[in-house]
Amino acid sequence: MKPQPIIKDSYKYGFHKPESAVFKTPKGINREIVEAISYHKNEPDWMREFRLKSLAIFEAKTMPTWGADLSGINFADMYYYVSPTDRKVRSWNEVPKDIKDTYDRIGIPQAEQRFLAGVGAQYDSEVIYHNLKKQWEDQGVIFTDTDTALKKYPEIMKEYFGTVIPPEDNKFAALNSAVWSGGSFVYVPKGVQVTIPLQAYFRINAANMGQFERTLIIAEEGSFVHYVEGCTAPIYTTDSLHAAVVEIVVKKGARVRYTTIQNWSDNVYNLVTKRMFVEEEGVGEWIDGNIGSKVTMKYPSVYLKGKGAKGEVLSLAFAGKGQYQDAGGKAFHLAPYTTSTITSKSVSVAGGRTSYRGMVFVNRGSKGSKSFVRCDALLLDDLSRSDTYPTNTVNEEDVTLGHEASVSKIGEAQLFYLMSRGLSEAQASSLIVNGFIEPIVKEIPLEYAVELNRLIELSMEGSVG
Amino acid sequence: MKNVIIKENETLVLPILWTGEESEISYEVLLSGQGASVAILGLLLGKDDAALQIKINVTHAAKNTKSEVILKGALTDAAKVNFEGLVKINHGATGTNAWLAAHLLLLSDKSKGRAIPSLEILENDIKAGHATTVGRINDIEMFYLMSRGLSREQAKQFVVQGFLASILEKFPREFQQKAKKNVRLS
């Protein structure tokens, strides 16, 4: 088979609305700007202190020396805080019209009406729209933006904020801790099962605008929640930075599933720290799909802290022209009888690069623990690249750990079969790619799965047969 | 660091037997000519507080090259093995076939194993894979052997020998004798 030039189609959601920001800090980051953000948000002293402490850590930390090239990020040439509207609204009718138009194009209202319990939509840095179905509210479920949570639930915030991912963790977690804005806060009381996924859409709209949302999810004993986060961003020529922090606490016997479909436009640096603490008999699951962005570095991790805790990471990466997806997952076995599974599927086309970077660590004393890592990579042409960097550390005898990886191209026999049935080469290729990622797609809520399949088809269009 | 360059249509089998003497083993292999092939077979036996850093880098720089890196280790007492492997397939090295595997058997609660088998692939017309397992002795195998009247120690011997047999068979003959003696001792 000769090489297939597969051209990634222009970005589907690459439109943007005129900015209508109300309050905007000047470009760059320093003590005054961090204080101005905190002052504008009218935050308590401890949060201001936390931000300033994090700023010092950010300034002291060096950039990561591994992974993608981040030299294109200019911290001084970025806006760190923009608030698009001063009003917070609860009903859809009150949402400003141009913002509503934007959401219309990505289909939020339909999604909400169909089967979502609540929608927190983030426009620039603030969550402007919130609607949580009454039945969950009555059970004590809290689903709000993190800024509101800081005002309304200061005790919970103070107890958990920055405990799962401290600012010392890495440079971008420190940056987020200093300038964070927006994000979701979810609290599920003991024994409550939130059976319909909670959903939030994020967008970057102001040019050169870094988005630093901060999400905190607490699932009390025996509870269950599924949180869905999706990102689409308009195209801009200057590079944008998205450095989010997601902290999740899964208490005894609880289960949290966190689904992300990241589809930032091809100029965004997406550097996100995501971590779950899973206590006794708890279950933590990450489903992480990376389709867009220029550079993504993201390794959702599970810290299995209690006996019998379970963690699962499903990672999907798709890299087209000029894209580098450095994704993966981490599992830390810190207690006996803990189990983890990491499954990674990656597709590289048109010179794109995907890397699986993973870590499994089994602490001494974590008897009876089991871990299995499986990574599969599909390389569609000879311009693209695929890497696997798995680290497996075992300090305990009574452990079962397995890791498997394979790298392949589209099989000629598969292609021949489909084409003999009348499909074009592009159709056949996209069918094979969709089949390859199917094990992960089937875990994603329906409307995302549909969008994902469409995106893959779109990316495969223009391939010459 | 030992540098090895393998030229067109050359085949090299590189057996490694570690019984605790060296603390570092490191190979840099370049498959520079078409049809070059390498097999690196490592048998690692660690006891007491023996610790090994083993690093194996293989670069496929030509078409139709083949590499096979297989490590099998059995660690008792407080022995430690840290394996870092990297197989790189350059752009243009079509028809390449690469396999990278590390299997560590931990026989005591103080033994430690770390394995980082990495792949960097810049060509799509290739076959590449890797596998790692780290774990303890299989209870079912132990139970079977002990139910036939073997002591725990004897059964353990058998299971370890069985685990290592697959790599021993691939060793060159003169090396096999030496290796087998060591396996029995462990």
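Here's a quick briefing on chain B and the strand that ties it to chain A. Keep in mind that this is a predicted model. Chain B has three helices and ten strands, and strand 10 of chain B pairs both with strand 23 of chain A and with strand 8 of chain B.

**Chain B overall**
- A compact globule of 186 residues would have a radius of gyration near 16 Å, so the 18 Å of chain B agrees with that.
- Along the principal axes, the C-alpha atoms take up a box of roughly 55 × 30 × 30 Å.
- Of the 186 residues in chain B, 51% are buried.
- Take the contacts in chain B between residues at least 6 apart in sequence: 82% of them join residues at least 24 apart.

**Strand 10 and its partners**
- Strand 10 of chain B covers residues 127-135, and seven of its nine residues are buried.
- Within chain B, strand 8 (residues 97-106) pairs with strand 10 in the parallel sense over nine bridges, and here Leu104(B) stands opposite Val134(B).

**Nonpolar cores**
- The largest core has 77 residues, and those with the most contacts inside it include Ile248(A), Met276(A) and Ile54(B).
- Strand 8 of chain B gives the most to this core, with five residues.
- Another core, of 29 residues, lies apart from it and includes Tyr81(A) and Val179(A).

Note on methods
Residues numbered from 1 in each chain as written. Chains lettered and ligands numbered in written order. Predicted model: local features only at pLDDT ≥ 70, side-chain atom pairs only at ≥ 80, totals over all residues. Heavy atoms only, no water. Buried < 20%, exposed > 50% of the residue type's maximum accessible area, 1.4 Å probe, protein only. Helix = DSSP H or I, 4+ residues; strand = E, 2+ residues; numbered from the N terminus. Pairing = 2+ DSSP bridges. Core = buried A, V, L, I, M, F, W, Y, C linked by side-chain atoms within 4.5 Å. Rg over C-alpha atoms; globule rule 2.2 N^0.38 Å. Contact = heavy atoms within 4.5 Å.
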